[in-house]
Amino acid sequence: MDIEIAKALADYGPKLAAAKDHPYDVSGYTVNKNWGSETWLALTEYYAFKIIKMKAGCKSSLQSHKTKVEANLVVEGQVEVFLETSPGHTRSRLYGPGQGWVVPAGIKHRVIAITDYVAIETSSPHLDDVTRYDDEWGRADGKIESEHTV
C-alpha cells in the first residue's frame, strides 16, 4: 500500500469511525474550512468520499496534488471552476446541479462559489496531498491541523 494512503488511514480512519453509529454507516466526520466544510463520508485504501459545502463568494486555494485525483459533482448551487490547461494557463467553466469536473494529478485548480453550493467529491485517498499556490487565508501546503479540531 502507498505510504501516503497508509498514513491517511492511520490518521483519519479512527476519526471517521468515531463519527458513525455502525461500521457500515457513512461517517459524519466534518472538517471545518474558512470557506465552508467537508463531511468525510468514507475513507478506504481505494477512495475517499466527501460532501463539500462552500459559502457564496468564497473560494478554495489555487492548488494541485502530486498524486491525488478527484471528481466532483454539484448537487446544488453554482460554482466557477478554474482548471489548468497548460503551464500558466487556466480555463474557467461554470457548473450547476448535475454537472461536474475531474482533476487529474498535477493540475492546478480552484473553485469559486457563485452561490452557496454543495458537491459530492470522490478522490484517491491521498488526503494531505495539497500544494497551495494562492490561498487568501495564508494556509500552508498539506494538512491544516486546526481544521481537524472538533
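Me: Is Trp101 buried or exposed?
Reply: Buried means under 20% relative accessible area, exposed means over 50%, and partly exposed lies in between (1.4 Å probe, protein chains only). Trp101 has a relative accessible area of 4%, so Trp101 is buried. The model is predicted: local features need pLDDT of at least 70, side-chain atom pairs count only at pLDDT 80 or more, and totals for chains, interfaces and linings use all residues. Residues are numbered from 1 along each chain as its sequence is written, and side-chain values use heavy atoms, with hydrogens and water left out.

Me: Where is the place of Trp101?
Reply: Strands are DSSP runs (E, at least two residues), as are helices (H or I, at least four), numbered from the N terminus. Trp101 sits in strand β8.

Me: Which strands form the open sheet, and in what order?
Reply: Strands of a sheet pair through backbone hydrogen bonds, either parallel or antiparallel. Two strands pair if DSSP finds at least two bridges between them. Here six strands run in the order β1-β2-β3-β10-β5-β8, with antiparallel pairing. The edges are β1 and β8 (100–103), each pairing on one side only. From one strand to the next, the twist averages 20°.

Me: How many bridges join β2 and β3?
Reply: Seven, in the antiparallel sense. One example is Ala42, whose bridge partner in β3 is Phe49.

Me: What lies across β1 and β2?
Reply: Helix α1 does, running at about 100° to β2. Such axes are lines fitted to C-alpha atoms, for helices over the stretch in contact, and angles run from 0 to 180 degrees between N-to-C directions. The buried residues of α1 are Ile5, Ala8, Tyr12 and Leu16. Their cover includes β1 (29–33) and β2 (36–43).

Me: Where in α1 is the kink?
Reply: A bend is the angle between axes fitted to the seven residues ending at a residue and the seven starting there. In α1 the kink is about 40° and lies at Tyr12, shortly before the proline Pro14.

Me: Is Lys59 buried or partly exposed?
Reply: Partly exposed, because its relative accessible area is 25%. Lys59 lies in the loop between β3 and β4 (62–64). Leaving aside neighbours within four places in sequence, its contacts include Trp35, Met54 and Trp137.

Methods: Contact means heavy atoms within 4.5 Å.
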